[in-house]
Amino acid sequence: RPWNVRFDNFDSKAVKVLNKILEDTGAEIVVSSDWKLHATLEELGLVYEDQGIIKKPIDVTPNMKDFDPEGAGLFSWKGWLEQARAIEIQKWLEDHPEVTHWVSVDDLNMSTDPDRRGDSDWGLSNFVLTPRSYEGIKQSGVKDKIKNFLK
């Protein structure tokens, strides 16, 4: 399928919330989702623009298989998508030391919360969970949590 039919329409209320966060903080967007596997950065930018988001993504996180082939196979095999995604984000941050304020927002739980599954040796400290995936950043309090990390 062509890249422009691979993505569902964005929720207009979520777009408004995201645009407000971008306006208020000056934040940039780096895509860590699986979307990076289905479109180029330029194509993702066109999707974001077409959906009314005021900024295009500036980058995507690396794919774990590109920097840790053995680990990527293990994580895929065990289905540890949350942990693999967190490692990809950490790798991007390691490669971009100029970034001092950041936040990851996802319905996958990548937090450092030990209650997550009893292991707290991985996770992202600057993380906001949106547990109801169809609500995303529209959920009560999420916008403020995101903005707090970007101050």
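The largest pocket of this predicted model has a volume of about 1800 Å³, where a pocket is defined on a 1 Å grid over the protein atoms alone as an open set of points with protein on both sides within 12 Å along at least five of seven lines, for a 1.4 Å probe. The volume is the space filled by probe spheres set on the points, which are joined across faces, edges and corners. The lining, made up of residues with an atom within 4 Å of a point, comprises 48 residues, of which Leu 18, Tyr 48, Val 105, Asp 106 and Ile 137 lie nearest the centre of the pocket. Helix 1 (12-25), strand 1, helix 5 and strand 3 are the elements that give two or more residues to this lining, and helix 1 gives the most, with 6 residues.

Local features were considered at pLDDT of at least 70 and side-chain atom pairs only at pLDDT 80 or more, whereas totals for chains, interfaces and linings use all residues. Residues are numbered from 1 along each chain as its sequence is written, and side-chain values use heavy atoms, with hydrogens and water left out.

The chain contains 6 helices and 4 strands, taken as DSSP runs (helices H or I, at least four residues; strands E, at least two) and numbered from the N terminus; their order along the sequence is α-β-α-β-α-α-α-β-β-α. Of the 151 residues, 38% count as buried, that is, under 20% relative accessible area, with exposed meaning over 50% and partly exposed in between (1.4 Å probe, protein chains only). The accessible surface, from the Shrake-Rupley method with a 1.4 Å probe, comes to about 9200 Å², and 49% of this surface belongs to carbon and sulfur atoms. Among contacts (heavy atoms within 4.5 Å) between residues at least 6 apart in sequence, 57% join residues at least 24 apart.

In helix 2 (residues 41-50), the buried residues are Leu 44, Gly 45, Val 47 and Tyr 48. These residues lie on the same side of helix 2 because they cover an arc of only 160 degrees around the axis, the arc being that of the directions from the helix axis to the C-beta atoms. The buried residues of helix 2 pack against strand 1 (30-31) and strand 2 (59-60), while the face turned away from the buried side carries the exposed residues Glu 42 and Asp 50. Just after helix 2, Gly 52 takes a positive phi of about 95 degrees.

Arg 85, in helix 5 (residues 81-95), counts as buried because its relative accessibility is 5%. The side chain of Arg 85 makes a polar contact of 3.3 Å with the side chain of Asp 34; such a contact is a pair of N or O atoms within 3.5 Å, of which, within protein, one must be able to donate a hydrogen and the other to accept it, and residues adjacent in sequence count only if both atoms are side-chain atoms. Beyond residues up to four places away in sequence, Arg 85 touches Ser 32, Ser 33, Asp 34, Asp 106, Leu 108 and Met 110.

Asn 126, found in the loop between strand 3 (104-106) and strand 4 (127-129), is likewise buried, at 15% relative accessibility. The side chain of Asn 126 reaches the backbone oxygen of Trp 102 at 2.9 Å, and a polar contact of 3.0 Å joins the side chains of Asn 126 and Ser 125. Not counting residues up to four places away in sequence, Asn 126 touches Trp 102, Val 103, Ser 104 and Phe 149.
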